[in-house]
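Hi everyone, thanks for coming. Could you bring the model up on your screens while I talk you through it?

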Amino acid sequence: MAGNSFGKLFNLTTYGESHGPALGGVIDGCPSGIKLDLDEIQNELNRRKPGQSAIVTQRKEPDTVKFHSGIFEGVTTGTSIGFVIENTNQKSHDYSHIKDSYRPSHADYTYDKKYGVRDYRGGGRSSARETACRVVAGAIAKQMLKGIEIKAYVSGVGTMKLDTPYNDIDLTQVESNIVRCPDQDMAAKMETYIKEVRAKGDTVGGIVSCIIKNVPVGLGEPVFDKLHAQLGKAMLSINAVKGFEYGSGFHGSTMYGSDHNDAFNNDGTTKTNYSGGVQGGISNGMDIYFNVAFKPVATLIQKYETIDKAGNTVEMQGKGRHDPCVVPRAVPIVEAMAALVLADFYLINKLYNYQV
């Protein structure tokens, strides 16, 4: 299976399945001499791990990361960083009922047709549990990107949406509630709604927004490797993501150019930021901001019809432990993927003769 690696110079390769012995990864290209806060890396994993609140999957996994190489006395050595996260709470029997059937909107059918075999235990390699490896690498990338602040938050659940402009968001409030919405009143409504959806055996989608501050001018490459294009690829590689927009996004298509253009200040900053911090595929020094849309989780704890391998119509009901809404746990994943993109472009930029 190809497609297990991300990044050119700062490169992450991941391995493992949801109900296998462990997940893990190898990070290549991380510079030497970076003093790492290993507790902070674990804290990032804790933000993503299952069982952390009443509105997420109740699978109990400590998600403790163990580093096997590339770090000596808390400092990166410049060699490949190998790590592993053991699976300790597998309940593979929860998935025996789908061994010969395909869950709608899952990767069951496509994996089986492409490879001729599939790991039906929690989706195997297609499980969102793989994203734990991304969070580890992203946490290291964050510590490499000194001074750059990457903060994501939940801005929408179902039809509920936080319409506060991105530059008015109080990012210190993101971790103050289990939904990870920085508006306490909206967070309470979202939490109640998620619990109601879960009680019906259904699921709901949402939106994770991300703001990146203090990005230097010059990150990103023209044509195919534009900064926003790579951010879009990174976000769309996350399980359950259905859409990505940056800056003015789709709303920008309704505006006049005279209103949408970001006029310059004398110091090179802009009076507005409809560009979302990226012009011509290259960062312009303004805040980068974008939205990531997540679909409702495909596994429903209610009866529905599907087909089996022979094409027969069968009745199925989801079992096991699943998120009624993925967006609260997706916040650190979005941050991690953004960090990987910026770390890669930062190292690419070092190849040029000028300083960023």
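Let's start with Ala187, which sits in helix α4, residues 184-199. By helix I mean a DSSP run of H or I with at least four residues, numbered from the N terminus. Before going further: this is a predicted model, where local features need pLDDT of at least 70, side-chain atom pairs count only at pLDDT 80 or more, and totals for chains, interfaces and linings use all residues. Residues are numbered from 1 along each chain as its sequence is written, and side-chain values use heavy atoms, with hydrogens and water left out.

Is Ala187 buried or exposed? It is buried, at a relative accessible area of 2%; buried means under 20%, exposed over 50% and partly exposed in between, with a 1.4 Å probe and protein chains only. Leaving aside neighbours within four places in sequence, Ala187 is in contact with Asn177, Val179 and Cys181, contact being heavy atoms within 4.5 Å. Met160 is 27 residues away along the chain, and its C-alpha atom is 9.9 Å from that of Ala187.

Now to Ser127, in the loop between α2 (108-115) and α3 (131-144). Ser127 is buried too, with a relative accessible area of 11%. Beyond four places in sequence, its contacts are Ser18, Gly122 and Asn239.

On to the core. The largest nonpolar core has 84 residues, and Phe10, Phe290 and Val334 are among those with the most contacts inside it. Such a core is a set of buried Ala, Val, Leu, Ile, Met, Phe, Trp, Tyr and Cys residues joined through side-chain atoms within 4.5 Å. Which helix gives the most to this core? That is α7, residues 327-349, with 16 residues.

Helix α7 is mostly covered, with 22 of its 23 residues buried. Its end C-alpha atoms are 32 Å apart, which agrees with the 33 Å that 23 residues should span at 1.5 Å a residue; the expected span is 1.5 Å times one less than the number of residues.

Finally, α1, residues 38-48, and α7 have axes that come within 7 Å and cross at roughly 140°. The two helices are therefore oblique to each other. Glu44, Arg47 and Arg48 in α1 meet α7 residues including Arg329 and Glu335. Under 35 degrees is roughly parallel, over 145 roughly antiparallel, 65 to 115 roughly perpendicular, and the rest oblique.

Conventions. Axes are lines fitted to C-alpha atoms, for helices over the stretch in contact, and angles run from 0 to 180 degrees between N-to-C directions.
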